[in-house]
Structure formats: structure tokens, C-alpha cells
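I opened this entry to record what I looked up in the model.

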Amino acid sequence: MTRFQNGSCLLSHTFFRSKKTPSTSPNAALLQGNLHIQQYRHFSNVARVTTKEEKEPLWKDSMDRLRNIGISAHIDSGKTTLTERILYYTGRIHEIHEVRGRDGVGAKMDSMDLEREKGITIQSAATYCTWSGYQVNIIDTPGHVDFTIEVERALRVLDGAILVLCSVGGVQSQSITVDRQMRRYEVPRLAFINKLDRMGADPWKVLNQARSKLRHHSAAVQVPIGLEDDFQGLIDLVKMKAYYFHGSNGEKVVTAGIPIEMEALAAEKRRELVETVSEVDDKLADAFLTDEPISTSDLEEAIRRATVAKKFVPVFMGSAFKNKGVQPLLDGVLSYLPSPTEVVNYALDQTKDEEKVVLSGTPDGPLVALAFKLEEGRFGQLTYLRIYEGVIRKGDFIINVNTGKKIKIPRLVRMHSDEMEDIQEAHAGQIVAVFGVDCASGDTFTDGSVKYTMTSMNVPEPVMSLAIQPVSKDSGGQFSKALNRFQKEDPTFRVGLDPESGQTIISGMGELHLDIYVERIRREYKVDASVGKPRVNFRETITKRAEFDYLHKKQTGGQGQYGRVCGYIEPLPQGSTTKFEFDNMIVGQVIPSNFIPSIEKGFKEAANSGSLIGHPVENIRIALTDGAAHAVDSSELAFKLASIYAFRQCYDAAKPVILEPVMLVELKVPTEFQGTAAGDINKRKGVIVGNDQDGDDSILTVHVPLNNMFGYSTSLRSMTQGKGEFTMEYKEHSPVSQDVQMQLVNTYKACKAAE
């Protein structure tokens, strides 16, 4: 058993320890923590009598000693390897395993078999560790654009992040995407230039790229001693000391003086660091301009202030694989990234029309927690919660604000990749998991005293679909169970039915995304599924206004059907947030008001399938201006059918066009293959929007229709002798050319005729 025996992490108990308590041995601290739990409970009973000043130190010390960080980057920049080293140095694991290690164990954070086989991270994994008396919660996130939602979810609940950059590859396309996500959620960050041991490592080139491409206001806080095979250690520019990493796994950090031959470079880089920070920090600027000597603590405090205010990005260096530079990076996380109380989080008050409320972020307030990730575990659904305010205890009743359900917490755990550790309670700022709570990703929980929801997360639209069905009829139950689970876990994975063929259609962020899910259905649910050809999610829209006037009249024995609708349809203006608008512009009661919802429902249903190729119609506004009803024969069904036929009647007159998903593709190919690659992009109807040179490589930025990108990875490899690589992400839906539209319409008609 570890020292976390009683199911509660030692550091959670600093929550109940005042600043005056001297730190003691782990066992004594644990006893002390238990003692303080009792004191805290007693304390909360007499809280009415106690003043706030006396109460504050109870949780203040613990909150200051807590960090929630994420590690994200471009594919293969070394995120999981870095996390593995952090866990090793903090004593959470006792031996290091590589991502694609020969020992077959695989990195701790890649707990799925698929992750270990492919050597990529698919799901973000959560863990925590202790460093210099601080508790650090870490989430390791995927680098592939197909799993972008995992990065979104992690950044939404974190207070700080480490952006890992490869010293050879530099700032790559996914680094830009991740940085954009960090900006969206206003996450302060450190940059870590990894792989300094590789051939062609150039950290200063990467630093300049970060300034130009990511618009980072950044400077190095370390200088490497040697590069590539000669990489020996680092110079800390804040403390002006050199660090060397000895021992079989670099666990012994030896501090020494700066080598004489590097003193001039270190002094120059320190001056650059002070100058860069003083541009965004007034206090340091005053000292810098008056030429006062700047002490280590002054510089450290200035870097912290600027980083927490998101005005500066300190750049660390090292090689996670060669076990160099990880411990100073951990010190940097503690020194420069904010604690939960230093980050401003907002909630939306549902009782006051979603008014923004600032959360205090302390354990004193009412409970507010966000479910940011779901997993199906051995014991049922596992829900990851970030607690923003208040305290959560095992056995408490909590309320899901989104559904209004009251739920009891049967089990509260802290996660370490796929292992879990039972705890009794957790407070604001922590990331925990609960069992047996039925909810969706993005739901907010409170203790019932407030009705707050956290702002929703940005979920991108899926861009690719596949038809899928189980090979054997008997496995239908397991098959639908798998699809339901994956849909709950991953908001970018959608499941639907093709109304014509009756096939199950799965949609996601790309070929890899869907392949992984098909493979998981086979492995985790033992269901073999046959997969159809990938289909692109086309859309239809209209380009001009068209009038409609349709009378639906049907007389049979008994009550007939009668409904007349008049009005027009028109395209919505560019950049509108909604995709479908319905306006009832009728004055008076020519159509009784109880039939209006049926008319809207009919138009919505008709817009689900356009007449060109049967795909949904977007960006339309429908205005109802007139109509007629019959005292006996009018019904909801009659008006619904009238609006469906009215839509079909005027659709062709509105000059419909087909929209296709266009992808932003970044190609990196050796310069000698640039012409061939560009020619192939032109063949695929791509538009080249940018061309950069990086050493011997050319980097092309292009917009290409997704429909022309199938099988591209194979043809790129054969064109470039396996040296080319590309990344692809969704950009927008845009109209197809006239010849492609004709081709798609004819194919659709031929399929319909064949049926």
C-alpha cells in the first residue's frame, strides 16, 4: 500500500492545515491531516461565530499549492513521453516505459490497447502527482486533429497548460490549432521545446516561429548546454545556474556554475528575457529602465505576474526521452502557472436569464462542478468532474442543473490513468471522478442552493460519415450498446439512420477517428462490423428568394384534409448563427395559431432532405405571410403536409446549390517534391494559399474539398518516397462547381432509379 492508504491524498489534507503548521514526515502529516478533518468539521459547525480572517488559512494554503495543467501539442512532439517522466520523477510510477517500447508495456497514460499498438494517444488521461509539496493534476491530451474534442474538453477545465514544441519540426499545424484552443479558453501557458537531442535541433528557430506564427510574447528562461548528441544540460536564466542530469534516468539534478564559454551567451539571453518581460510588467520595467540590478525573486515574480495575466509565455527546453530538463519544467509549473484561486471562472445563472456570475473558486461557496468527460468503466459510467466551488463528499446528494435530476454520489475516486483511488471528499480546484452518475458531457452539478451552469464547450461539426452494420444479426444488442456509449463519451461522434436505405450511419472528424471507433466496437464489444465507403457530409442551400402558395386538399369518406400556406423562402445572410429560421408574418387568424407549430415542423422536416441529392438544406429563412383553413377539414397533419409540399414546390425556383466540406490541409514535403505535390493538389481541385520554406522542406497550406482527399495519405507517400506528411482539419462548407453539382445530382438520380 502507498502512503495514500486511507483513500485520501496527503495533499488534500493540506486543505485543512493552517500555514503555521510545520511540515513533518508523511505519516505524521497524514495523522495531522485526519486530525484537521475533524477540526474542519467542528469548525464548519461554529462558522457563524468565527470571523472570515480566522477561517481563510484553512483552505488558502492548500489552494495555493494546487495546479491543474494540461499537456498538449502537435502529433509526435513527445507529450506522453513528457508525462511519463513527470510521473517517474514525482514518484507516481517506479519505472519508465516508452510509448512504443520494446518491453510491450507502453506508457502509463496510454492505457488502451489501441493506443499502445499505434503509439498515439486517443483519449485524454488524467492523473495527479506531488512535487515540492504541491499537488499537480495533469491531463495528457491527443495530438491528432481527429480527437480535437479531447483537447477542447481538457482545456475547458484546466488552469494552465504546457505547449510542447518539437525542436526539429518547430511550430506545426496542430500546434497552431492547440494554441488557438488555449486562447479561446484563456489558459495561461508555458512552452517546452522538446527533443533537443535530435539531429537538426534548433530551439532559437522554434522560439522565433512561436513569436511569428503563434504571436506569442515569449522569451527563453533556459539556454541549452550543447545540442543534438552534445546536449548535456541547461542554464537557468532566472537563477543564473547550470543544471546537469545524472543517474540512469536523469533523476539526480546537479547544480553547478555556468561554463565560462557560455557566460556571454547566458548574459545576453537573460537581458533579452528581462527586456521582454518588462514590456508587459510595469514593476519590472521601472527597475529595468533605472538600471537597478534585478534579483532572482524580482524576475521570478514578474514572469509569474505576466504569465498568469496571459501576456507572456516563458519557454523551457529539454529532452524528455533523454531525461533532461523535466524537473526544472516542473519547478516552472509551480512558479509560473496559476493556482485555481488566481483564475477567474464564470458561471451562467439560469434564474436570471443566463447572467454571468464570477465564481469565488473557494471551498466556502456552494458546490459547482462540471462533468467534462465520460467513460464506460468496469463498474458502470465514470464521470470526470472539475470542482469550481464548494466541497463534494461521498454520499452527498447533488443536482444536475441541465436535467434537474437529484443524484447521490455512491463512490468518489481520484484517477491515475486507468487506475483509481477512493477518496472521501474533494474541494474546489480539484479534478475527481464519480461512479453511478447518469449525465452527458458538459452537464453542471450543484448542491441545489444555486442554479448555475458553466459555459458550454465548443463542439465542432462532424465532416465524414460511414455506413456500418454488424456482420451477424445476433450481435445487434451489443452493437447498439457500443454506439450509444461512444455517442455519450464523444460529442463529435454522431450516429444516425439513412431513411432510404435503413443503414446505420456513423459520423466523425476524419478517417482515423471513425477507424478507431470501428476497431473499438470489435475489441471491446466483440462485434465484427462491415463498413461501407466513406461518405462526405454534403449540404444544400438556396441562393435566391422564391414564393410559395400551396393548397393541400384531400376529400375521402369522413373528415378530409385541408390546408393552404403562402409565403416565401430566402437565403439567410452570410455569417448568421442559425441554420434555419421560421417567421410567422400572418396578421389575424386566417390560420388558427394552434396550427402554426405544425407548419414549422413540416418545413423543418422538408429541409432535412433537399431535392438535389437528398442532403439537409441549410441557411434558409421561411416566412409565412398568408394561408387558409377549413372549419372542419383542417388539422395539424393537413398543414404539416401542405408545408412539406410547398417547400418542394418552390425549392427549384430558389436556385439551390450543393455545399461541400472544404479542409485546411498543411503539407510538409522535401523541396525536390514540391512541384509534384502542388500538381497533385491542383488535380484534386485544391487552392494553394500559403508556401513556406523550412530548411530542406516546403510547407504548403491548401484548401481542398474533402471529397477529393480520400486515400491521399497513400498517394502522398508514393509521390514523396515516404518523406511527405500532412495534417487536415475542417474549414467550412462552400458551394461546389457547376460540373461537380451536375455529376452529384446525376449519381443521386441514378441511385434512386435503381431502387
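The entries below follow the order in which I consulted the structure.

**Basis.** I worked from a predicted model, in which local features need pLDDT of at least 70 and side-chain atom pairs count only at pLDDT 80 or more, while totals for chains, interfaces and linings use all residues. Residues are numbered from 1 along each chain as its sequence is written, and side-chain values use heavy atoms, with hydrogens and water left out.

**Overall.** I noted 18 helices and 38 strands in the chain; helices (H or I, at least four residues) and strands (E, at least two) are DSSP runs, numbered from the N terminus. Of the 755 residues, 55% count as buried. Buried means under 20% relative accessible area, exposed over 50%, and partly exposed in between (1.4 Å probe, protein chains only). I then looked up the contacts with a separation of 6 or more: residues 24 or more positions apart account for 71% of them. A contact means heavy atoms within 4.5 Å.

**Nonpolar cores.** I took a nonpolar core to be a set of buried Ala, Val, Leu, Ile, Met, Phe, Trp, Tyr and Cys residues joined through side-chain atoms within 4.5 Å. The largest has 51 residues, and L82, I86, I162, I235, L273, L299 and I303 touch the most other members. Helix α11 (residues 326-336) supplies the largest share of this core, 6 residues. Apart from it I found another core, of 41 residues, including F493, I506, Y525 and L744. I also listed the neighbours of L273: leaving out residues up to four places away in sequence, L273 touches A219, A220, V221, L237, V238, L299, I303 and F312.

**Aromatic rings.** Rings of Phe, Tyr and Trp (its six-membered ring) pair if their centres lie within 6.5 Å; planes under 30 degrees apart count as stacked, over 60 as edge-to-face and the rest as tilted. F486 counts as buried at 0% relative accessibility, and Y517 does so at 6%. Ring pairs link F486, F493, Y517 and Y525 into a cluster.

**Charges over rings.** My criterion was NZ of Lys or CZ of Arg within 6 Å of the ring centre and within 35 degrees of the ring normal. R65 lies over the face of Y134, 5.0 Å from the ring centre. The charged end of K406 sits over the ring of F397, at 5.2 Å from its centre.

**Helix α13.** I recorded H513, L514, I516, Y517, V518, R520, I521 and Y525 as the buried residues of α13. K526 follows α13 and has a positive phi, near 55°.

**Helix α18.** Which residues of α18 are buried? I found V740, Q741, L744, V745 and Y748. They cover an arc of only 130° around the axis, which puts them on the same side of α18; the arc is that of the directions from the helix axis to the C-beta atoms. On the other side of α18, Q738, Q743, K749, A753 and A754 are exposed. What covers the buried residues of α18 includes β35 (656-670).
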